[in-house]
Amino acid sequence: EGIVKVTGEVGSGKTMLSSRIPTVLPSLTFDEALEVTKIYSVAGKLPAEQPLVVTRPFRSPHHTISDAGLIGGGHYPRPGELSLAHRGVLFLDEFPEFSREALEALRQPLEDGVVTVARARASLTFPARFLLVAAMNPCPCGWHGDPERPCPCTPAAQRRYAARISGPLLDRFDLVVEVPRLTPEELARAPEGEGTEAVRERVLRARERMLARQGRPNGLLSGRALREHARLTPPAQALLQEAAKRMLLSARSYDRVLRVARTVADLLGEERVGEAHVAEALAYRRAL
């Protein structure tokens with residue numbers, strides 16, 4: 001569970017990168033598979049030849065989707081895309097192009113892991129615990145910052161575009177990943193990257209480590225449990241305190257930085273959360 005914002009120019013690979021995320025996630029447990037299968041059955045989207053959903057969902061609705069299609073609804077309430085992405089990935093491309101009402105409706109499910117759909121005949125609550133990946137261009141035309149193609153957007157247009165995402169929603173993001181567009185020359189000489197299996201193996205080891213330590217993923221830690229399991233070294237604590245003042249971190253943002261730093265340490269196989277782990281977690285919030 002978590003929230004990732006992916007930014008970059010047109011054609012930089014935001015969609016391709018996001019679509020690969022399910023391939024490095026742990027497989028669904030049997031109980032998780034049952035949860036997902038029930039949702040798809042209720043929504044009328046369970047294929048007759050597939051009685052059990054065994055892969056993590058990857059949902060990618062278009063930005064023209066209705067609020068009911070995203071959140072859930074209908075004459076008799078049915079799950080929307082938020083619930084269909086349960087235990088998987090919800091990819092929202094062209095994030096600022098979604099309606100303001102739809103984006104604001106994301107806030108509570110992202111905190112609680114459920115979505116409640118109220119209608120005259122019934123009020124139903126559906127599970128909605130997913131990894132949200134929000135992809136967006138740096139400006140309306142999509143070319144701001146590109147080294148080869150000029151951007152015609154005015155600073156005012158860029159600010160209006162960015163302002164479509166409210167501060168309270170931005171505050172809920174864990175990571176901001178910038179994906180610059182590579183030139184043909186850079187693509188030709190780019191070295192082969194790390195394979196999917198190697199990345200997935202590292203993710204699985206980190207997941208096993210956190211479950212053995214605290215019985216649940218880092219994304220579900222809060223309050224006293226978060227402070228207990230994300231103990232910082234003195235230099236790391238000093239860095240986070242100073243950054244919290246300079247970056248005006250809210251209590252929610254502070255906890256999100258702690259969770260990310262704890263996860264960075266787990267991915268590296270380190271028990272104590274150190275200064276380098278906190279620095280990396282803070283770097284992911286730089287562009288917010």
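1. Helices H13 and H14 are oblique to each other, a class left over once angles under 35 degrees are called roughly parallel, over 145 roughly antiparallel and 65 to 115 roughly perpendicular. The angle at which H13 (residues 251–267) and H14 (residues 275–283) pack is about 125 degrees, with their axes 8 Å apart. Axes here are lines fitted to C-alpha atoms, for helices over the stretch in contact, and angles run from 0 to 180 degrees between N-to-C directions. Helices (H or I, at least four residues) and strands (E, at least two) are DSSP runs numbered from the N terminus.

2. On provenance, this is a predicted model, in which local features need pLDDT of at least 70 and side-chain atom pairs count only at pLDDT 80 or more, while totals for chains, interfaces and linings use all residues. Residues are numbered from 1 along each chain as its sequence is written, and side-chain values use heavy atoms, with hydrogens and water left out.

3. The crossing of H13 and H14 is right-handed, where right-handed means that the near helix is turned clockwise from the far one by less than a right angle, and left-handed anticlockwise. Val257, Val260, Ala261, Val264 and Ala265 of H13 make the contact (heavy atoms within 4.5 Å) with His277, Val278, Glu280, Ala281 and Leu282 of H14. By class, this contact of H13 with H14 has eight nonpolar, one polar and one charged residues, with Ala, Val, Leu, Ile, Met, Phe, Trp, Tyr, Cys and Pro counted as nonpolar, Asp, Glu, Lys and Arg as charged, and the others, Gly among them, as polar.

4. H14 also packs with helix H12 (residues 234–246), at an angle of about 25 degrees and with the axes 8 Å apart, and H12 and H14 are therefore roughly parallel to each other. Their crossing is right-handed. From H12, Pro235, Ala236, Leu239, Leu240 and Ala243 meet Glu275, Val278, Ala279 and Leu282 in H14, and the residues of this contact divide into eight nonpolar, no polar and one charged.

5. H13 has a further partner in helix H10 (residues 196–214), whose axis comes within 8 Å of that of H13 and crosses it at roughly 115 degrees, in a right-handed crossing. The contact involves Arg202, Val203, Ala206, Arg209, Met210 and Arg213 of H10 together with Arg262, Asp266 and Leu267 of H13, and by class it has four nonpolar, no polar and five charged residues.

6. Two residues deserve a look at their backbone angles. Leu248, in the loop between H12 and H13, has a positive phi of about 55 degrees although it is not a glycine, and at 72% relative accessibility Leu248 counts as exposed (over 50% relative accessible area, with buried under 20% and partly exposed in between, for a 1.4 Å probe and protein chains only). Glu94, in the loop between E5 and H5, has a positive phi near 50 degrees and is likewise a residue other than glycine; Glu94 is partly exposed at 27%.

7. Asp93 lies in the loop between strand E5 (89–92) and helix H5 (100–104) and is partly exposed, with a relative accessible area of 25%. Not counting residues up to four places away in sequence, Asp93 touches Thr15, His63, Phe98 and Ala135.

8. The structure holds zero disulfides, a disulfide being a pair of cysteine sulfur atoms within 2.5 Å. For Cys141, which is in no disulfide, the nearest cysteine sulfur is that of Cys139, 3.6 Å away.
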